[in-house]
Amino acid sequence: MACTNMDEFRKIHNHQLKSIGFPNELVQNLYNQLANDDTSSPKIIDTFQVKKSGNTRPLLLAKKSIKKESCFFLLEHIWTNDGGSKAAEQLHKSPILSTKLSQMFNLPDMGSIDEYYNYDTQKNTVIDVTGCAEDAAKKACDEYKGQTVESIIKCLDKDTPDLQNKIGTDIENITFEEFVSGLKTTGSMPENASEGFLRKMYDNFSRDKEGSASTLNYNWEDENDIVSVYIPIPLTAKKNNIKSALTTNTWKLFVDGKEMLNGELFARVKADDSYWAIEQPGVLCMTLEKVLTDETWKALLKGEEKLSAEAIIQTAWAKHQVEDIYYNGILDTMWKYNQTYSLSSPDSKARHPQWYIMEEIGSSLTHNNNPNFKCSPFFYSALGRAYSIIWPIKDIKEGQMCTRNFIPQIIANETMDICKVRLKTHTDIKLTDGNNNKFDTEKEEQPSEIEPVNVEKLSTKKISKSDEERLVWLGDYNGFVSDEVAKSLPNVTFATESDPKCVVKFISLNKTSVSIEGEILPCGEMLANKDYLQNYIKLRYGNQPWFVSSFILPNALVEFNEKYEETDLLQYWIVRPVDNRQLALENFVTSQFARIVRVCEAGSIAVSQYITDQIPFRDRLVTLSYPVMLCTDIKCAYISKEPALRFSKDESYPTSFIDEYKNHSSVTQEFEGAQAADLFSDYKVAMNKLLLPQDPDKGWSYVEEQIYQAIGQVSKALAKDMRLPATGDCKNYVMCNFDVIVDSSLQPKIIDIVGHGELPRKLIIGDFVTLALGGSKDSFVKVN
């Protein structure tokens with residue numbers, strides 16, 4: 001909405017200005033400045049000086065005296081991002097932005113990144129990328145005099161299958177730009193190579209098949225009847241500048257009098273049927289008609305020197321790793337400078353956090369608990385643009401440091417200890433000292449002893465015959481009904497919820513409630529809010545190794561910091577919104593303390609230690625989602641032996657370092673449709689091949705027992721505490737899913753409970769109906 005006058009401006013923005021405490025006497029000037037699109041008045045350059053010193057945060061000094069609330073300054077946001085994967089994409093696509101940020105953050109510039117790596121830093125980079133020994137990394141760094149990429153290639157261990165698989169996987173995703181970079185670095189760039197020719201070359205490499213190759217002068221491909229040859233020529237070359245002499249066995253080619261090709265062909269060609277043309281500026285294409293079409297050529301010319309695909313691709317891969325380290329350095333550092341505000345979408349009540357970096361003046365303000373400037377984001381509706389406004393809240397003398405409060409209160413009754421943890425993200429000062437913690441917190445509780453549940457294996461038993469029609473309502477699971485399911489259930493009809501003749505009703509867990517200490521809590525609320533779910537599990541069982549507990553931030557910032565500072569070793573954490581109805585945040589894995597603490601400024605988050613030693617399947621991490629049916633009247637649960645398998649999007653290897661701003665290999669995706677009937681069987685076979693050689697008594701069946709025990713314990717509590725909606729005289733069965741991961745110690749861990757989960761295959765709903773109607777299925781276990 002455009003603001004055509006001051007009255008409209010006040011009407012639209014008055015609430016916002018009052019909420020940030022902006023001086024009323026400056027509102028007219030603010031309107032004038034915004035209406036004239038003038039963010040330079042009063043001139044910032046005449047008022048402030050940015051002082052840089054080494055690698056520390058720059059300081060902002062006043063060039064002249066400034067009176068309290070006498071003026072304000074509108075600051076542009078040079079970068080707005082999501083704080084995650086999209087932020088990483090933006091940096092990769094904008095060299096100007098990444099260079100500007102690296103200069104502001106006092107980081108090395110991308111243009112000459114290797115020059116900024118001292119040998120110690122470079123050595124650590126080589127170890128991180130290749131997993132080689134420290135001595136080998138140091139030797140390579142010394143040999144190549146601080147060249148990161150060359151040192152990485154030197155240390156690539158061809159006998160390490162995981163690393164080679166990782167390189168192979170990345171090769172498939174190498175971009176054209178990375179390929180060209182690899183050519184340049186290895187000295188393999190053909191003369192006169194236009195972009196058109198390089199793209200032909202890139203396509204040839206991407207196909208990676210027999211009967212094709214590249215040299216410094218040409219690249220070629222055998223296409224059964226013909227051989228296509230592409231030669232780089234000057235962009236201005238004309239037909240009359242090109243001389244070709246082709247015989248059955250030889251070929252000579254001259255461009256502008258310069259010999260481009262001269263040699264004996266690998267096999268005979270039909271010279272009269274072969275032809276050449278300038279396919280596009282800079283690219284000549286020769287089409288050779290083969291005499292013997294069933295023979296695949298191994299070379300174009302006998303004795304030709306092929307470019308090393310391995311060297312080019314490894315170089316491109318190594319440069320890609322180094323670039324990722326560079327970009328991640330910017331992304332990690334930005335949390336010392338990031339500010340945040342939240343947006344709402346029309347179709348959701350969830351807040352979408354936006355992170356932004358102010359221009360250099362705003363980013364140079366330092367922290368003070370008693371600041372002399374106020375700083376706040378401001379949305380100008382006429383342009384749909386966000387700015388930051390800073391204004392003096394004290395008299396400031398010439399040469400005085402300009403400061404703001406980095407940690408305004410984000411929760412009620414915020415303690416000084418929480419403030420210290422939040423400030424640590426800007427200072428990196430450790431807050432605990434060995435065993436003498438500065439915070440008075442309770443020691444970590446030991447696991448509580450609990451009585452095991454009884455897990456009963458079932459045999460298959462059909463439903464007893466009945467002359468009467470049995471009506472079953474499936475609720476949220478009605479979509480799983482198919483003709484095959486219907487045929488397997490004689491005299492069973494799927495009814496509507498309101499049908500009074502229903503004998504069985506299936507209810508999703510999130511539509512029930514639990515009674516806790518006399519209080520009724522809707523299960524939908526408990527499952528959506530990870531804080532409630534965690535407190536429920538702890539109330540019933542205390543701390544248990546089979547349930548992944550989380551720190552709920554910002555309330556538990558002190559406890560989280562204490563846990564974080566227990567070790568100086570690298571540690572990874574998985575971060576999720578406590579309630580995704582309130583905070584729209586993509587789950588992510590990170591080792592960055594500052595990122596975790598800053599993100600909780602946007603809303604409540606659940607932070608738990610990421611299990612790095614999960615057992616992968618088919619080179620991907622897996623979450624097992626077990627469908628469960630709770631029977632509240634007889635206090636038991638039926639667990640499907642076949643879970644739905646959710647895979648990470650990208651492959652994951654033990655030697656892979658976690659890309660903290662992509663996480664495609666470390667966070668599992670949503671379940672997509674029905675899974676293949678033999679998928680879980682293959683999973684069990686793979687697990688047994690891995691586990692049984694280590695301990696014949698601890699194969700997959702051992703792990704399954706642990707999973708059933710963990711799910712059984714929670715099911716036992718839910719069945720006891722559950723309160724169902726009124727549904728008449730029919731029997732009610734409650735459906736849910738338990739999400740489980742397994743670590744290398746064979747300890748299953750429940751990471752979530754889903755109130756309306758997935759079934760691996762549609763037929764399983766028929767099995768649940770069979771159980772509800774008194775039958776039995778050997779594909780389930782019963783927990784009493």
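## Lining of the largest cavity

Lys 530, Leu 533, Gln 534, Phe 547, Val 548, Ser 550, Ile 552, Arg 576, Ala 606, Ile 751 and Asp 752 line the largest cavity of this predicted model. Helix H16 (530-541) and strand E34 (748-754) are the elements that give two or more residues to this lining, and H16 provides the largest share, three residues. Helices (H or I, at least four residues) and strands (E, at least two) are DSSP runs numbered from the N terminus.

A cavity is a set of points on a 1 Å grid over the protein atoms alone where a 1.4 Å probe fits but cannot get out, and lining residues have an atom within 4 Å of a point.

## Composition and location

By class, six nonpolar, two polar and three charged residues make up the lining of the largest cavity. Ala, Val, Leu, Ile, Met, Phe, Trp, Tyr, Cys and Pro count as nonpolar, Asp, Glu, Lys and Arg as charged, and the others, Gly among them, as polar.

Because domain 4 (459-548 + 614-783) and domain 5 (549-610) both give residues to the lining, the largest cavity lies between them. The domain bounds come from an automatic or database domain assignment.

## Basis of the values

Residues are numbered from 1 along each chain as its sequence is written, and side-chain values use heavy atoms, with hydrogens and water left out. As the model is predicted, local features need pLDDT of at least 70 and side-chain atom pairs count only at pLDDT 80 or more, whereas totals for chains, interfaces and linings use all residues.

Definitions and conventions: On a 1 Å grid over the protein atoms alone, a cavity is a set of points where a 1.4 Å probe fits but cannot get out, and a pocket is an open set with protein on both sides within 12 Å along at least five of seven lines; lining residues have an atom within 4 Å of a point.
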